[in-house]
Amino acid sequence: MLGICRGRRKFLAASLTILFVPAITWIYLFAGSFEDGKAVSLSPLEPQAHSPRYAASSLELRVREVEEENRALRRQLSLAQGRARHGHGNRSRTYSMEEGTGDSESLRAGIVAGNSSECGQQPAVEKCETIHVAIVCAGYNASRDVVTLVKSVLFHRRNPLHFHLIADAIAKQILATLFQTWMVPAVRIDFYDADELKSEVSWIPNKHYSGIYGLMKLVLTKTLPSNLERVIVLDTDITFATDIAELWAVFHKFKGQQVLGLVENQSDWYLGNLWKNHRPWPALGRGYNTGVILLLLDKLRKMKWEQMWRLTAERELMSMLSTSLADQDIFNAVIKQNPFLVYQLPCFWNVQLSDHTRSEQCYRDVSDLKVIHWNSPKKLRVKNKHVEFFRNLYLTFLEYDGNLLRRELFGCPSEADVNSENLQKQLSELDEDDLCYEFRRERFTVHRTHLYFLHYEYEPASDSTDVTLVAQLSMDRLQMLEAICKHWEGPISLALYLSDAEAQQFLRYAQGSEVLMSRHNVGYHIVYKEGQFYPVNLLRNVAMKHISTPYMFLSDIDFLPMYGLYEYLRKSVIQLDLANTKKALIVPAFETLRYRLSFPKSKAELLSMLDMGTLFTFRYHVWTKGHAPTNFAKWRTATTPYRVEWEADFEPYVVVRKDCPEYDRRFVGFGWNKVAHIMELDAQEYEFTVLPNAYMIHMPHAPSFDITKFRSNKQYRICLKTLKEEFQQDMSRHYGFAALKYLTAENNS
């Protein structure tokens, strides 16, 4: 029977070659006649093929598939011919860095081209089989890296995914919000508290920059669910260039007691010849890199893995004193004693881009690349012959629109998601023929949100008087950040409305600014772009929600607060007993039409500039009603706080307790977004109190896109009026008779 199957395999391979290779070759040559369809070479002589657009183009992907199919068919034919010539005698096998310790050559052919023969293996990964991935993540920077890794996995995947994230409190807060708002179908996220695992590995001294978290992969058998049989473990600095299901399929190649799938280390670290007196941990040959690990958890538990690695670590630490490469040193020491544990993966499953590695031997062209590992502290600045290509591939995913990855896996049932179901129900209740449909829809749009995009570190003042400045902005207001930081020394919470590519531009801008990098009390929260409107009130709510102080100053990014306002507000909070009363403290707003302004250092200097026409009360020329109730005439001579009453269209900038109501999300773009909020504060019986020695100045800028739409688009104005009327009706229903004054005031205005 075995002979019959082999004969049929040879016949099938030969037939496929005769029938399809010419056709595939013709398609390949035809595609190659186009400039973007050239066969991709990693030669440095062809840099024009190394752009991010090129790496991600659909045409290039199609050409890659054709090349791989062609190569796989040729390989199958040569194998069949080789068997026919040499019979079934014993053959010696030489393993290079491109081969695994199983039948790696068949693996490369079988995964790419598949095998439809009934005598061959069935597909190793079922269509809807869930692939489990474990990642250790701690801190702000690692959270950003995880997003890029996940994007590269989602881009290629065709199977449901279950991510197991071992995260500290910071990373959990960031990533839980991100995935909750990302809403990617057929993706499940579970978190495991990394801080609870510290005691398991804290006894191991570690010199690696990853710190204590770099040792936590050792305890995954104990940490992950006991019914989880296998998992792919990834470092955060990994980029996938293929479907992760191909790697998952390698589990089926494990034999005997093989429980660890690893790629050989591609540097000379474990050979001990990098410098004089270099003494690495013991390893088998070149050792193995743990940036990508396949773990057979069930077998590892039966082998008492926990006891195995602990005894090995204790023994080696008696002479080595500490680890240099974190968990990797201990994994290698265990493997040195127990080489039968390892299935050596082909090295294209972990192309290691650190200095002085043999990574170039892992690939000949683009189609050979599977996983890229930026395992040097230099990251994108590492030295490598083809680093420009790898950098562009990485940047492709870094700046890729994550909203496009919300695609369904057809034919695979997804777990019921309450948030997703509620969203669909709300959207289904809207009338798509309504001329204001897009406005109404925006209220329910879930925007992907990445909290604390940069490092944040701040402990509120112990006297419970601390105030956070809250604002929102888009890319065109980025230049205001440094000026605000110079004027306000207290904590700041900012929501930035950006695309994925703009988020990276912001990151580079911030990292290049001494002013911004010197401030660790500024929380930057990225709300990713989606839809046609600027969701101004959603942004404000995001910034408000993530403050750590008892009070907040609700400002706008175009305003510079007076020097010393932070300390003045903290004193006012105590003076006016804001902790025990419902007050909104008004900071009077002024504006200048000059791009260059000698900022007034006192109220007296401001009044002088006001008299000279250098400054004006805010919106004096276009919308006096918005700030008229502040009573600027009284403010000029006031020395103590004074109370003012709410009036129609009042929209001052206020200091309130952090428990104040949120902004109404139905108002997007320009118009009524602050007015509605102040109206609700009044409905909740907040007392408006003007501060006599506080001020802020609006700096000039080009008109926003939204105000331009408001002025030029009649339908925009009609919809805004409709939404305003509906808001007032909602206020009447919610607050009863007291809210009738808002309808009356509007009719009289």
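Colleague: What does Thr290 count as, buried or exposed?

Modeller: Quick caveats: it's a predicted model, so local features need pLDDT of at least 70 and side-chain atom pairs count only at pLDDT 80 or more, while totals for chains, interfaces and linings use all residues. Residues are numbered from 1 along each chain as its sequence is written, and side-chain values use heavy atoms, leaving out hydrogens and water. Thr290 sits in strand β7 (residues 288–296), going by DSSP runs numbered from the N terminus (helices are H or I, at least four residues; strands are E, at least two). With buried meaning under 20% relative accessible area, exposed over 50% and partly exposed in between (1.4 Å probe, protein chains only), the 3% relative accessibility of Thr290 makes it buried.

Colleague: Which residues does Thr290 touch, leaving aside neighbours within four places in sequence?

Modeller: Contact here is heavy atoms within 4.5 Å. With those neighbours set aside, the contacts of Thr290 are Lys217, Asp235, Leu262, Asp327, Gln328 and Phe331.

Colleague: How are α11 and α12 oriented to each other?

Modeller: Helix α11 (residues 305–320) packs on helix α12 (residues 327–337) at an angle of about 100°, with the axes 9 Å apart. Because 65 to 115 degrees is the band for that class, α11 relative to α12 is roughly perpendicular.

Colleague: Where is Ala326, and what is its phi?

Modeller: Ala326 lies in the loop between α11 and α12. This residue is buried, because its relative accessible area is 2%. Although Ala326 is not a glycine, its phi is positive, at about 55°.

Colleague: And Leu321, what is its phi near?

Modeller: Leu321 is also found in the loop between α11 and α12, but it counts as exposed, because its relative accessibility is 61%. Leu321 isn't a glycine either, yet phi is positive, near 70°.

Colleague: Which residue of β22 is the bridge partner of Leu585?

Modeller: Strand β17 (residues 583–586) has Lys583 and Leu585 pointing one way and Ala584 and Ile586 the other, all of them buried. Strands pair if DSSP finds at least two bridges between them, and β17 with strand β22 (residues 687–690) has 4, in the parallel sense. In β22, the partner of Leu585 is Thr689.

Definitions and conventions:
Axes fitted to C-alpha atoms, helices over the stretch in contact; angles between N-to-C directions. Parallel < 35°, antiparallel > 145°, perpendicular 65-115°, else oblique.
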